[in-house]
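Trainee: I would like to go through this model and ask what stands behind each label.
Mentor: Go ahead; each answer will set a value against its cut-off.

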Amino acid sequence: MKAETKVKFLGYGLLIILIGSVYVLAPDFYNNIFYLAVNGNMEEIAAYIDSFGTLAIFLGFMLVLLVNIVGLPSIFIITANGLLFGPAIGIMISWIAESIGVVIGFWLMRTILRPTAEKLIHKSSKLSKIDDFSGESGFKLMLVLRSLPYFPSGVLTAFGAISKISTKDYALSSFIGKLPATALEVMIGHDIFTYNQNLERLFIIIILAIIVYGGIWYFNKKHIRNKK
């Protein structure tokens, strides 16, 4: 058996053990995850996480991790993390959990989707060019897309899975890109729900985000024009 295959089997085994262990400890956990992820009721999410007491931080981490593996939106949960644990801790646990989650999701999706995608790509010269581009410039493209706050994470995970981007480039670009995106989402979410105390900071964050991302968009557009 090849080393790569062994690693895959080991990864699948550990994932199954993790999922099974959580189910044994809390049988309603997965039903609650789905409900909380799509419901968007911040008070319910925060109350559910907080109900685990000393394990609340671990639960906040696991919720973000699992919803990113399956591609569900995590914005409500990471906002709840920021409200419960403060922006600094909320950003840290949510960033690490999101980054690991999208890498596991990519790994699972690539195993399932990439072989089928390759068959379709080889039938089209245009798709082949796009696929080659995703391999050559995949790191830069994924880095920029991952750094965008509120961008559908599951879409990017699926895109990465069917593309030619290497696992190393995908993982590294996701970890780096997820930091500013997660930080903005946590801070904006936190300050919206505590606007009475943080209204000025909220405006400053939004304005700075517009300036930074607007500048990135402008210089990228200018760079593309100069290439033409």
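**Labels and their grounds**

Mentor: Start with Tyr150, which counts as partly exposed because its relative accessibility is 46%, and the partly exposed class runs between the 20% limit for buried and the 50% limit for exposed. The model is a predicted one.

Trainee: Where does Tyr150 lie?

Mentor: Tyr150 is in the loop between α8 (138-146) and α9. Its phi is near 65°, a positive value in a residue other than glycine.

Trainee: What makes Phe159 partly exposed?

Mentor: Phe159 has 31% relative accessibility. Buried would need a value under 20% and exposed one over 50%, so Phe159 falls in between. Phe159 sits in helix α9 (residues 153-162).

Trainee: Which residues does Phe159 touch, leaving out those up to four places away in sequence?

Mentor: Phe159 touches Leu141 and Met142. As for Arg110, it is 49 residues from Phe159 along the chain, with 9.6 Å between the two C-alpha atoms.

Trainee: How do you know whether Tyr170 is buried or exposed?

Mentor: The relative accessible area of Tyr170 is 0%. The limit for buried is under 20%, therefore Tyr170 is buried. Tyr170 belongs to helix α10.

Trainee: Which residues are in contact with Tyr170, again not counting residues up to four places away in sequence?

Mentor: Tyr170 touches Val102, Val103, Phe106, Met142, Arg146, Leu156, Thr157, Gly160 and Ile165. For one of these, Thr157, the C-alpha to C-alpha distance to Tyr170 is 9.2 Å, and the two are 13 residues apart in sequence.

Trainee: Why is the pair of Lys178 and Glu98 called a salt bridge?

Mentor: The closest N and O atoms of Lys178 and Glu98 are 3.3 Å apart. A side-chain nitrogen of Lys within 4 Å of a carboxyl oxygen of Glu meets the criterion, so the pair qualifies as a salt bridge. The pair links distant parts of the chain, with Lys178 in helix α10 (residues 167-193) and Glu98 in helix α6 (residues 87-121), 80 residues apart. The structure holds one salt bridge.

Trainee: What makes the span of α4 close to the expected one?

Mentor: Helix α4 (residues 56-70) has 15 residues, and its first and last C-alpha atoms are 21 Å apart. At 1.5 Å a residue, 21 Å is also what is expected. Just after α4, Gly71 takes a positive phi of about 85°.

Trainee: How do you know that α4 is mostly covered?

Mentor: Of the 15 residues in α4, 11 are buried, including Leu59, Gly60, Leu63, Val64 and Val67.

Trainee: Which residues form the nonpolar patch on the surface?

Mentor: The patch is formed by Tyr195, Leu199, Phe203, Ile204, Ile207, Leu208 and Ile211, with about 720 Å² of accessible area together. One of them, Ile207, is in helix α11 (residues 195-227).

Trainee: What can be said of the protein as a whole?

Mentor: The secondary structure comes to 11 helices and zero strands. Of the 228 residues, 39% count as buried. The accessible surface is about 13,400 Å², of which 71% belongs to carbon and sulfur atoms. Among contacts with a separation of 6 or more, 72% come from residues 24 or more positions apart.

Definitions and conventions. Residues are numbered from 1 along each chain as its sequence is written. This is a predicted model: local features need pLDDT of at least 70, side-chain atom pairs count only at pLDDT 80 or more; totals for chains, interfaces and linings use all residues. Side-chain values use heavy atoms; hydrogens and water are left out. Helices (H or I, at least four residues) and strands (E, at least two) are DSSP runs, numbered from the N terminus. Patches are made of residues with over 30% relative accessible area and no salt bridge: like charges are joined within 9 Å, nonpolar side chains (Val, Leu, Ile, Met, Phe, Trp, Tyr) within 5 Å. Accessible areas come from the Shrake-Rupley method with a 1.4 Å probe; for residues, only the protein chains shown count as cover. The expected span of a helix is 1.5 Å times one less than its number of residues. Buried means under 20% relative accessible area, exposed over 50%, partly exposed in between (1.4 Å probe, protein chains only). Contact means heavy atoms within 4.5 Å.
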